[in-house]
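Subject: Structure handover and findings

Dear colleague,

Please find below the structure that I am handing over to you. My findings follow it, grouped by region.

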Amino acid sequence: MVDRLRTRDLALLTAETPQTPAHNATIEIFDPGDSGFDYNRLVELIRDRIAFVPRYRQRVQVVPGHLAPPLWVDDENFDLGFHVRRSALPRPGTSSQLLELASRIVSRPLDRTRPLWEVYFVEGLEGGRVALLSKTHQALVDGVHTVDLGQLLLDTQPTPRELEPDDWAPRRAPAPGALVAGAVRDALVDGQTVANTVRGTSRAVVRTLDERTRRVRSVAEALTGRRPKSRGVIGGELSQQRRVVTVETCLADYRKVRQAHGGTVNDVILATVTGGLRSWLMTRAESMGGIRQVRAVVPVSVIDEELEATSLGSQIAAHFVDLPVGEASPVVRLHQVSYSFQAHKETGRSVAANRLAGVAGFAPTTFHAIGSRVAAAELRRGYQLSVTNVPGPQTPLYAAGAEMLASYPVAPLVPGHPLVISVTSYNGGVFYGITADRDVVPDADLLGICLREALDELLEVSSAGRQRAPRGRRTTSSAKPKGKGTSR
């Protein structure tokens, strides 16, 4: 059976440029302890689990003449050692050195002639720790046919699960003549094949014309001495280099704020992002510049029969929220964010965080991958920032006996958007991953500091001695505020 790329997957490949590599990444920190977890153990673990994600051993095969969408075909020269790589920091390696290495790895596009993923085993971290840095193309993980490999490598117990041996052997890739004949046959049987091919080719042509127009415009501006108009503090033309910043916080702090002011942990996280953005923008040369809100797309998990089903038990949809960065009060910012999500909760489509956290395996890696696909699909709706928050399990997980201490998501950037923020909660921690364009956002480290300060600000106004701000609207002058309402 021919396995062609679906329209959405083809669009992700077509839209990819050297400035916008379309892969999700994850940085996971492990304590090997006495487990013996090393590079060779990792290779064996992946060899043991990769059978559950057959697409991780397939590459993209283009049809001659682009007569039909490309196919997924087995990589006859599949080399696990090429995809699972070994790296090291000068001992004792610091977090800053790890992030600098991660930034360089994330900046490089994946090799299109091979299966679209890589994993790096990084040794030499201080305290005897090691890190796994994984990269997976957005077209590979759709949550329907394929979940993220990282979801399959972790166990709930130090002792790895025993699995059946894998006797995989690659199927021979079709010859060029067979590819052309198959494209013609599919076109005769299914007219949608032609439509998908035309659509994908059109996107490629438009992207090429846009790039050429942009280069001509840059030359003209240089010759005339004219500068392009600013696209705002969270917008701009991307370079080919990235910067990765991580922030680790405590889940108990968010629960304390929620208990004091209501809402959900997700609301508190977004209020922290809002406060962090506010402080960060105020430190920049542009200052606030009259900015009152930052339009953000926040992928959320829903139950909706009209959306494509996933293997995770729910679908992922885009929710748009205006983050009130112009508001000085941290409590009011929290209430406004909470109010934005109240309508979503009242639809009955929303999925509880504890249900997501209970999905088998470390599902956040797959949820983040799908969330990035959703954000890319909603690009034309004019948002300024993508924020993906995924709750994970609150008990330790292990890879070949080594306990995972932290998991930082690293999302890809889309054209015109030099900043993206992703969040994963796991085992009592809340881990932020900030991906920024190295040239457009050179002060991404400062944003990480501002996020910590924003959480501290919320904690300060949540102490027992402080009076709780009223929530909701009063129906009469003597009515008391209700806990579930939210002030605008």
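**Charges over a ring**

Arginine 85 lies over the face of phenylalanine 82, at 4.5 Å from the ring centre. The charged end of arginine 114 also sits over the ring of phenylalanine 82, 3.8 Å from its centre. A charge is taken to sit over a ring if NZ of Lys or CZ of Arg is within 6 Å of the ring centre and within 35 degrees of the ring normal.

**Basis of the values**

Please note that this is a predicted model, in which local features need pLDDT of at least 70 and side-chain atom pairs count only at pLDDT 80 or more, while totals for chains, interfaces and linings use all residues. Residues are numbered from 1 along each chain as its sequence is written, and side-chain values use heavy atoms, with hydrogens and water left out.

**The chain as a whole**

The chain has 13 helices and 14 strands; these are DSSP runs numbered from the N terminus, helices being H or I of at least four residues and strands E of at least two. Of the 488 residues in the chain, 52% are buried. Buried means under 20% relative accessible area, exposed means over 50%, and partly exposed lies in between, with a 1.4 Å probe and protein chains only. Among contacts in the chain with a separation of 6 or more, 78% join residues 24 or more positions apart, where contact means heavy atoms within 4.5 Å.

**The open sheet and its helices**

An open sheet is formed by 6 strands in the order 4-5-6-1-12-11, with mixed pairing. Strand 4 and strand 11 (398–399) are the edge strands, each pairing on one side only. Two strands pair if DSSP finds at least two bridges between them. Strand 4 and strand 5 are paired in the parallel sense over 6 bridges, and arginine 85 stands opposite tyrosine 120 in strand 5.

Helix 2 (residues 39–49) packs on this sheet and touches strand 4, strand 5, strand 6 and strand 11; its direction makes about 150° with that of strand 4. Helix 12 (residues 364–377) also packs on the sheet, touching strand 1 and strand 12, and its direction makes about 160° with that of strand 1. Axes are lines fitted to C-alpha atoms, for helices over the stretch in contact, and angles run from 0 to 180 degrees between N-to-C directions.

Helix 4 (residues 95–107) has 13 residues and reaches 18 Å from its first C-alpha to its last, close to the 18 Å expected at 1.5 Å a residue. The expected span is 1.5 Å times one less than the number of residues. Its buried residues are Leu98, Leu99, Ala102, Ser103, Ile105, Val106 and Ser107. They pack against several strands, including strand 1 (23–31), strand 4 (84–93), strand 6 (130–137) and strand 12 (402–410).

Glutamate 123 is found in strand 5 (residues 117–125). Is glutamate 123 buried or exposed? Glutamate 123 counts as buried because its relative accessible area is 17%. Leaving aside neighbours within four places in sequence, glutamate 123 is in contact with Arg86, Ser87, Ala88, Leu89, Arg91 and Val130.

**Aromatic pairs**

The count of aromatic pairs comes to 6. Rings of Phe, Tyr and Trp (its six-membered ring) pair if their centres lie within 6.5 Å; planes under 30 degrees apart count as stacked, over 60 as edge-to-face and the rest as tilted. Phenylalanine 37 and phenylalanine 121 form an edge-to-face pair, 5.6 Å centre to centre with 80° between the planes. Phenylalanine 37 lies in the loop between strand 1 and helix 2 and phenylalanine 121 in strand 5, so the pair ties together parts that are 84 residues apart in sequence. Phenylalanine 37 is buried, with a relative accessible area of 5%, and phenylalanine 121 is buried at 1%. Phe30, Phe37 and Phe121 form one aromatic cluster.

**Histidine 145**

Histidine 145 is placed in the loop between strand 6 and helix 5 (150–153). Histidine 145 counts as exposed because its relative accessibility is 52%. Leaving aside neighbours within four places in sequence, histidine 145 is in contact with Arg6 and Arg55. The C-alpha atoms of histidine 145 and proline 54 are separated by 9.3 Å, although these residues are 91 residues apart along the chain.

With kind regards
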